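Biologist: I would like to go through the terms used for this model and see what each one rests on. Please set the values against the cut-offs.

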Amino acid sequence: MRAEWFRNPDNVAYVEKSKFVDNFAKETGIPSLAKEIEEFVKNPVKEGRIVKGVKRTSLKLLIPNMAFDTDIEMGDNVWIYIGEQYPAYCIYEIQE
């Protein structure tokens, strides 16, 4: 993982949490994805957290600004990284 890859807008999908997480959890076979994200928000770690699904899928939750010690657009949010063959998902919430 390189910070430059996360800075490239062609590699990033910005997704609203309420519209994305439940469906993505079903697709990846990680039914507890929303809970995993909430726990990671409460206790983030620089290395990120690997989450494994039942469909031989795994992904990494990370906060890019913490992971790379640099500033990336919207890099204070939790992102889902599956690998460089897929987009990274920047998860945001709309504050009412």
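Modeller: This is a predicted model. Ring pairs link Trp-5, Phe-6, Tyr-14, Phe-68, Trp-79 and Tyr-81 into a cluster. In total, the structure has nine aromatic pairs.

Biologist: What makes Phe-24 and Tyr-89 a pair, and why is the pair called tilted?

Modeller: Their ring centres are 5.1 Å apart, and rings pair when the centres lie within 6.5 Å. The planes stand at 55°; under 30 degrees would count as stacked and over 60 as edge-to-face. The pair is therefore tilted.

Biologist: Which parts of the chain does this pair link?

Modeller: Distant ones: Phe-24 is in helix H2 (residues 17-28) and Tyr-89 in strand E5 (residues 88-92), 65 residues apart. Both Phe-24 and Tyr-89 are buried.

Biologist: Why are H2 and H3 called oblique to each other?

Modeller: H2 and helix H3 (residues 33-42) pack at about 125°, with axes 8 Å apart. Roughly perpendicular ends at 115 degrees and roughly antiparallel starts over 145, so H2 and H3 are oblique. Lys-17, Val-21, Phe-24 and Ala-25 of H2 make the contact with Leu-33, Ala-34, Ile-37 and Glu-38 of H3. By class, this contact has six nonpolar, no polar and two charged residues.

Biologist: How do you know whether the radius of gyration agrees with that of a compact globule?

Modeller: For 96 residues, the globule value would be near 12 Å; the protein has 12 Å, so the two agree. Buried residues make up 44% of the 96 residues.

How values were computed. Residues numbered from 1 in each chain as written. Predicted model: local features only at pLDDT ≥ 70, side-chain atom pairs only at ≥ 80, totals over all residues. Heavy atoms only, no water. Phe/Tyr/Trp six-rings, centres within 6.5 Å; stacked < 30°, edge-to-face > 60°. Helix = DSSP H or I, 4+ residues; strand = E, 2+ residues; numbered from the N terminus. Buried < 20%, exposed > 50% of the residue type's maximum accessible area, 1.4 Å probe, protein only. Axes fitted to C-alpha atoms, helices over the stretch in contact; angles between N-to-C directions. Parallel < 35°, antiparallel > 145°, perpendicular 65-115°, else oblique. Contact = heavy atoms within 4.5 Å. Nonpolar A, V, L, I, M, F, W, Y, C, P; charged D, E, K, R; others polar. Rg over C-alpha atoms; globule rule 2.2 N^0.38 Å.
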